[in-house]
Amino acid sequence: MANDPPTDGTPVLELERVSKAFGPVVALKSASLRVRPGSIHALVGENGAGKSTLVKIVAGLYRRDSGDLRLLGAEVDFGSTAESKAAGVAVIYQEPTLFPDLSVTENIFMGRQPTGPLRRIDRRAMRVEAEGLFRRLGVAIDPDRPAEGLSIADQQIIEIAKAISLDARLLIMDEPTAALSGVEVDRLFAVARSLRDEGRGLVFISHRFDEVFELCDEITVMRDGEYISTDRTADVTVDLIVRRMVGRDVTELFPKEKALIGEPVLRVRELTRTGVFHDISFNVRAGEIVGLAGLVGAGRSEVARAIFGVDPYDSGSVTIRGRSVPRNSPVAAMAAGMALVPEDRRKQGLVLEESVSRNITLAIRRTLSRLGLISAAAENQAARTWASRLEVKAAALDTEVGTLSGGNQQKVVLAKWLATEPTLLIVDEPTRGIDVGTKAEVHRLLSELAGLGIAILMISSELPEVLGMADRVLVMREGRLTADMPREKATPEAVMTAATQGEEAA
Amino acid sequence: MSVASSARRPSPVLSGLRSVVTAREFGIFLALALVIVAATVRNPSFVFSNDGSRDLLLTPAILVLLAIGQAIVIITRNVDLSVGSILGLSAYLVGSIFVAAPGLPYPLAILAGVLLGALLGLVNGALIAIAKVPALVITLGTLYAFRGINVLWAGGDRINAGDMPDDFLALGTARLLGVPYLSLLALAVLVAAGWYLRNLRSGRELYAIGSDPAAANLYGLPVTRRVFAAFVVSGALAGLAGVLYAARYGTVSSQAGSGFELNAVAAAVIGGVAIFGGSGTVWGAAIGAVLLLTINRALPILGVPAFWQRAVVGGLIIGAIILDRVLAVRQSRRLLAEREGGS
């Protein structure tokens, strides 16, 4: 299919050297993007490259710190989503945001329903318009049904209908295909192309390169909050784009020490949970750090949760030092010597209102208690030992954990689990949302623990972290293990390829 | 690929009837009719006497006003527990105005009561909007604070019927073509609120906000302003209810209206206003209010011992919530089944 060259003229959207920081964390350093009218523009980059922040600035959820933002040639600065919408921007988020109790029609027109005398909403006109929109999009959705219970694909169609009825000039789709089936993707693409042919500008964010190359006219790559390149799709290859996404220095920050690798501690065999992950088999040996890489949604956390017994699995087995661990029982997993540092430490790893010492001793209450009672002295002593070993920086042991920095909170979670003296430590996104300095400290800690002979399974979406820390790298894609490579062979390109195009790499 | 399956359209009369019968409010209405019929069969004077018919219409009028305000607030996924205290302050203010200025035309006193209510609602709305604290906590606080001010102001004193002008007191019992003024007023407010919630953009936005507050923010709806307004309206209606309370009962102490807030919430919930917002109508809440008070009067006639009455009300609330839950589960199952079958 030969695309016409993009019509020249005023770009629909222009960002130049836009930056945004949240406190000390810089989310966007210097982002640039130019979307032509009548084109579909792909925005690609690793997790954390700043794509979402960019979208939120254009949508009016965040205000940029510096740089230029122009819409249809006019300088803009949106203070709210209402303003960006009025200016002609429509954003379709990964999870569509509809009002479940209201009808499909009301969802499309909320806040700008057609009105008659006395500003009364003209329901009939609204319904006719909704039917017209669905006819134009070629879909059969009952306009009178409530939005509750619609499939993700239908919800997205409604979001698109919203955008069309607004006559949005710019439509941003943030990973719209992540939850869609093949047929649904085709339908979405057909709609996207017809919107392009009407002269609108579309931004398409996706990790699926086959889709990016099929649908988009141009590709902009971002990395670490910075603009890297923009090309016509016809002029580049998947390999080139992947290289640009990951190409950076990996060695600093990761004080990986060589540890003595011993016998297998964890053995996972053919672990399957229908619809979530399939046929997962691997080992983790004493003293070894195994990195589990993949895109968000590939099923990595789900596997970890199943191994630890938080979630059930349908078939397969988990053994620790040759002894089988019963499924679906975190208590049994802990007794077998497992520890899990979860992805969302604030929700799943800590009791934020409680003190540092209470949090650290949370997993060893049983061993600390005498006749069912825990003395404050025993609690404090155990807490002091681990807090000092991990160098938790808190004013006192009775400081509320919620007031600590992200890095220190993470250390408290680690301390809690190390107090159980585990033989296998599973860490899920150990440095997410932690500043660079503490990040290195957490890395040093993990390296030390491996040196003590603990087997570590580390899930991380940050490629440099995986490559820098792991002795061995596993890659998952859409619920399946697509690669298992030793440290020497784990290049950024190899991992990214396995994470995005599993068939070739397996 | 487009298979436009336009739904079968039955005749407008039939579909209109169908939507009335299947509406959540219809069940409450049936229950109310049942209670009235049962009580009347036992004792015909429950309806067929001058006092009987008057009480039937007059007694619920004040609670209907509170229930309308409460429904508007609950639809936005909030709650207003301070309405009983606002009612008390407003009633006492009206009485005090008449004590201080006996010759004052009573419409001005009514206006003063409504304005005071709106002002107190504004305090609620501002605290909730600015402090970003859940309405449950804020209005629980103002429930006590407003009542405290009332006690401080009134002390052990009370306003008596002799302190208020006769034409004002007549409002509380007078009738037009057999229907008490108070009931007509409540009905007028009900019609206006029902029309507003159904037909105006800002009314529909209240439902959207209650249905998913985060989505409403992303959508760019003026969430803070709308919630704020809902509390002002609820306060103003409680203020109006306070004025009517003074006119109807003629005696106002510092405890007037205490406990009414729970009746108002109960009326809304029984009437099918989902406690987590997003659905329900003021019509349902009003019928719930009438049902609640009518049951209280009917139970003794039906021979139910006095101490069982509260338990019956409790059973009604729990029954309403279970019914809502069952309906919701059935609906989501049906929608899911349609999706599986229809795709």
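This is a predicted model: local features need pLDDT of at least 70, side-chain atom pairs count only at pLDDT 80 or more; totals for chains, interfaces and linings use all residues.
Modeller: Residues are numbered from 1 along each chain, chains are lettered from A in the order in which they are written, and side-chain values use heavy atoms, with hydrogens and water left out.

Biologist: Why is the link between Arg204(B) and Glu106(A) called a salt bridge?

Modeller: The rule wants a side-chain nitrogen of Lys or Arg within 4 Å of a carboxyl oxygen of Asp or Glu. Here the closest N and O atoms are 2.6 Å apart, so the pair passes.

Biologist: What makes the area between chain B and chain A "buried"?

Modeller: Buried area is the accessible area (1.4 Å probe) that two parts lose on being put together, summed over both. For these chains that's about 2,800 Å², with 56% from carbon and sulfur atoms. Arg201(B), Leu218(B) and Tyr219(B) supply 27% of what chain B buries against chain A.

Biologist: And why is the space of about 250 Å³ called a cavity?

Modeller: On a 1 Å grid over the protein atoms alone, a cavity is a set of points where a 1.4 Å probe fits but cannot get out. The volume is the space filled by probe spheres set on those points, joined across faces, edges and corners. This one is the largest cavity, and among the residues closest to its centre are Lys85(A) and Tyr219(B).

How values were computed: On a 1 Å grid over the protein atoms alone, a cavity is a set of points where a 1.4 Å probe fits but cannot get out, and a pocket is an open set with protein on both sides within 12 Å along at least five of seven lines; lining residues have an atom within 4 Å of a point.
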